[in-house]
Amino acid sequence: MKQYILFYLSLCFNKYSVLRITNTSLFVCILLFNLKAQKKIQQIVYKDTVRQLSEVVVTASRMPENVLKSPISIALLDNRAIQNSAAPSFYDAIENIKGVQLLTPSLGFKVYNTRGFANPTNVRFVQLVDGVDNQAPHIGSPIAGALAPTDLDVDHVEILHGAASALYGMNALNGLVNIFSKNPFEHQGLSFQQKTGANHFNDNNTSVHLFSESNIRWAKAFSNTFATKINFEYLTGYDWISDNNTDLNPNGNVSLNLFGTDNPAYDGINAYGNESSNRRNLTLGGKRYSVARTGYLEKEIADFSLRNIKGDVSLFVRPKKDWEVSYTYRFGILDNLYQRTNRFRLRDYRIDQHSISFKSPSIQAKAYLTHENTGQSYNIRSMAENIERTFKSDDTWFTDFSNQFNAGTKAGMSVTDALQSARNLADKGRPQPHTAEFDALIKKLGDINNWDVGAALRVQSWLYHVEAQADLTQQLFSALREKYGLSILTGFDYRMFEVLPDGNYFINPTEPNQNLTYNKVGGFVQLTKLLLNDKLKLNASLRADKNQYFDLRWNPRLAIVYSPTDDQNIRISYQNAYRFPSLFEAFSNVNSGGVKRVGGLPIMSQGIFENSYFKTSVDAFQTAITNDVNKNGLTTAQAVVKNKGLLKKNDYGYIQPESVNSFEIGYKGLWFDKRLYVDVDFYYNQYQNFMAQVETNLPLTQSANTDSIAFALNDRTKNQRYRLWTNSKTTVFNYGGSIGLRYRVYKDFMLSTNASYAQLDHKTTNDGLEEAFNTPRWILNVSLNNRKITERLGFNVNLKWQEDFLWQSSLATGNVPAYSTIDGQITYILPAQNLILKLGGTNLLNKYYYNFLAGPSVGGFYYLSATFNL
């Protein structure tokens with residue numbers, strides 16, 4: 001061994017070669033060394049899949065327990081399953097887990113959800129890495145995998161379905177994923193992985209583009225006391241493109257029989273600058289027309305180049321047996337597409353996290369700090385609106401449009417020809433996409449942090465978190481555990497958010513020169529009792545949390561697990577979960593194209609709630625005016641007075657915490673000599689105080705006279721549009737279930753299938769706010785795999801199908817079609833070289849689909865990865 005090490009070092013790093021060494025020569029050096037030293041290096045061995053069913057999980061109860069005996073629904077994705085997945089990364093592989101719904105805002109950005117009520121920034125679903133929350137502070141949800149480990153450093157993933165607030169606090173209403181990285185004491189060495197792929201085959205919007213992802217991991221235990229690890233990932237590619245031109249306002253001029261391309265109020269899903277805030281009612285030739293500015297397509301505004309960089313450095317110390325102290329620094333830098341109420345281009349978006357943790361048999365503690373900086377990101381909608389306004393103000397554009405329409409009709413033009421002529425004249429001089437002038441405007445507006453005139457997203461925020469938990473019966477009261485089978489776990493946490501007021505996205509209404517802060521403190525106690533010779537496990541927990549703006553919240557959980565044998569386990573549980581408003585929902589103060597989005601706390605929205613009118617009633621009021629003018633011959637003034645009774649004042653109040661009561665029953669078991677694994681769950685949920693946005697119009701008049709208010713609400717220039725964060729008055733009920741089966745059909749051939757069902761049951765009332773269930777009733781996965789057809793060859797094929805469903809959001813509402821995909825991979829192992837080659841693809845048939853409205857069309861993605869371990 002010694003001579004090979006010396007040969008390797010001299011060959012690769014002598015004074016003549018060190019300056020001219022290339023990646024190829026380094027790779028050859030490693031291979032030469034590895035061929036000789038292989039006997040001492042651990043080889044890759046695939047073990048029977050069923051082994052994972054006896055593995056331990058910790059997320060369900062914050063304590064180690066057999067996955068089969070977990071008190072609530074939890075799934076495990078171990079390192080072997082990740083390696084064998086057809087998905088290109090562990091993050092993508094989570095999609096095929098039972099009960100999981102995936103949204104794809106970007107090739108570099110995936111969002112998970114379980115049990116309904118999904119959106120692209122899912123604040124009801126928590127993502128942890130080694131127990132550390134990796135959310136972006138200002139939105140309250142993770143920016144995909146920006147702070148997740150690299151593929152090489154993932155040990156396993158635990159996915160908890162449904163409510164989890166009783167143990168994990170705020171936001172864990174719908175579920176939680178906990179990603180565990182590899183410990184450098186147990187997983188040492190140097191690993192490198194290169195993925196090269198391609199996408200956009202047969203894409204009408206662009207040609208084929210290459211994808212590259214490079215990962216490196218190094219871990220070393222210098223003694224039994226000290227170890228370290230370093231990870232780094234660099235990803236480049238070309239993002240999926242959003243190009244849905246379906247008209248969101250097809251009936252904008254129904255009273256004039258103007259539809260389709262003749263509709264002057266066209267509002268395409270992925271067209272911006274022509275939304276409702278960019279429309280006006282114009283009286284032309286005695287008729288009222290709804291007219292929108294022309295707007296731009298997303299593909300004309302956005303940069304679709306993709307670049308994600310992330311990494312981490314960790315130091316581990318074991319000062320005594322069973323004690324471990326660790327420090328980890330993680331960072332992520334993103335250039336990709338992202339969606340909230342609007343679509344955003346993230347550019348140089350950066351998120352950093354420092355964490356320190358302590359573990360012992362009875363006590364665990366951690367503290368972490370997350371810093372978010374949105375860099376040079378911009379709002380695509382605001383960009384489109386304000387490019388339009390750079391060459392002509394709204395007032396000038398609509399005046400030019402009106403004058404040209406009137407001139408055209410007087411000259412004998414048809415209405416449709418006159419409308420087109422008016423648009424052509426009003427748009428004269430309009431900046432054209434993909435020109436030097438247009439690109440210069442994108443650069444200029446992307447640096448103006450005011451969405452009324454620019455498009456920049458400039459947010460800096462911080463999250464500070466401290467928590468600790470103690471197993472009181474591990475040592476202190478061990479007699480209770482040994483004599484009575486009782487375990488007592490208790491813990492606390494403190495969390496504070498801080499945001500820098502930027503004057504556009506956030507302001508501080510009480511102390512303009514000070515950062516906004518927002519905090520909460522909480523704690524829990526959990527009791528676990530074993531009965532009937534350990535066949536019956538009772539688990540009860542109670543949590544309390546106090547937010548500075550809200551009263552104390554209590555959250556209980558009670559679960560029972562009955563295991564007549566080790567292979568048969570039945571569970572039933574009840575729990576209550578909650579979430580406080582995120583920073584954005586509480587404090588936002590955004591001007592966006594004439595619509596102001598305001599947080600729901602009284603310090604942000606006092607006076608607006610009390611004096612504004614529902615936008616739905618204002619729209620109905622204006623439509624009635626249009627009908628009376630166009631069909632009944634009334635003047636506008638007469639129609640305003642006639643229809644003012646349609647206006648309805650906003651009766652919603654300031655935002656309150658959201659909660660859910662969740663009931664679940666489930667079963668996990670092994671059959672037929674452990675060849676068949678069965679996992680079944682059913683749930684029923686009751687949601688209250690759904691956080692949602694209500695759209696209102698605030699008349700800009702000092703008069704309390706109803707006629708003055710009505711005339712102001714009919715004139716776009718005399719009222720202010722608001723979108724306010726509040727709570728739905730409706731109690732919403734939903735239910736569903738899922739079943740997962742895994743069967744070893746022959747030797748090492750594994751057939752797996754899972755099906756998930758989710759249904760919005762009913763509402764106590766219908767108050768008009770969007771609860772946005774946004775979930776297909778049925779999602780189905782079927783896979784066949786064999787990790788070792790031969791000692792070196794393995795494969796996996798996965799079929800996915802999901803049903804069509806209704807998508808609701810403030811950006812777009814409509815039907816998402818059903819779709820199906822086939823993913824597959826072939827793996828070949830070179831044991832002598834410690835090299836794994838994986839050729840695979842997702843959506844192999846390249847059938848483009850989108851899984852939410854305004855999201856991108858996702859086609860086939862094909863890749864080859866090489867993983868080398870030294």
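Student: At the start of α17, which residue's backbone nitrogen does a side-chain oxygen of asparagine 705 reach?

Tutor: This is a predicted model, in which local features need pLDDT of at least 70 and side-chain atom pairs count only at pLDDT 80 or more, while totals for chains, interfaces and linings use all residues. Residues are numbered from 1 along each chain as its sequence is written, and side-chain values use heavy atoms, leaving out hydrogens and water. Helices (H or I, at least four residues) and strands (E, at least two) are DSSP runs numbered from the N terminus. At the start of α17, the side-chain oxygen of asparagine 705 comes to within 2.8 Å of the backbone nitrogen of aspartate 707.

Student: Which residues of helix α17 are buried?

Tutor: Buried means under 20% relative accessible area, exposed over 50%, and partly exposed in between (1.4 Å probe, protein chains only). The cover over the buried residues of α17 includes α15 (615–632), α16 (636–643) and β36 (719–727). Within α17, which spans residues 706–714, the buried residues are Ile709, Ala710, Ala712, Leu713 and Asn714.

Student: Is glutamine 135 buried or exposed?

Tutor: Glutamine 135 lies in strand β8 (residues 135–136). Contact means heavy atoms within 4.5 Å; not counting residues up to four places away in sequence, glutamine 135 touches several residues, including Asn171, Leu463 and Phe497. With a relative accessible area of 3%, glutamine 135 is buried.

Student: How is the aromatic pair of tryptophan 323 and phenylalanine 358 arranged, and how many residues apart in sequence are the parts that it ties together?

Tutor: Rings of Phe, Tyr and Trp (its six-membered ring) pair if their centres lie within 6.5 Å; planes under 30 degrees apart count as stacked, over 60 as edge-to-face and the rest as tilted. A search of the whole structure finds 43 aromatic pairs. Phenylalanine 90 and tyrosine 91 form an edge-to-face pair, with 5.8 Å between centres and 90 degrees between planes. Tryptophan 323 and phenylalanine 358 are also edge-to-face, at 5.2 Å and 90 degrees, and because tryptophan 323 lies in the loop between β19 (305–317) and β20 (324–339) and phenylalanine 358 in strand β21 (residues 343–359), the parts tied together are 35 residues apart in sequence.

Student: Which residue's charged end sits over the ring of tryptophan 323?

Tutor: A charge sits over a ring if NZ of Lys or CZ of Arg is within 6 Å of the ring centre and within 35 degrees of the ring normal. Tryptophan 323 counts as partly exposed, at 34% relative accessibility. At 4.7 Å from the centre of its ring sits the charged end of lysine 320.

Conventions:
Polar contact = N/O pair within 3.5 Å; in protein donor to acceptor, adjacent residues only side chain to side chain.
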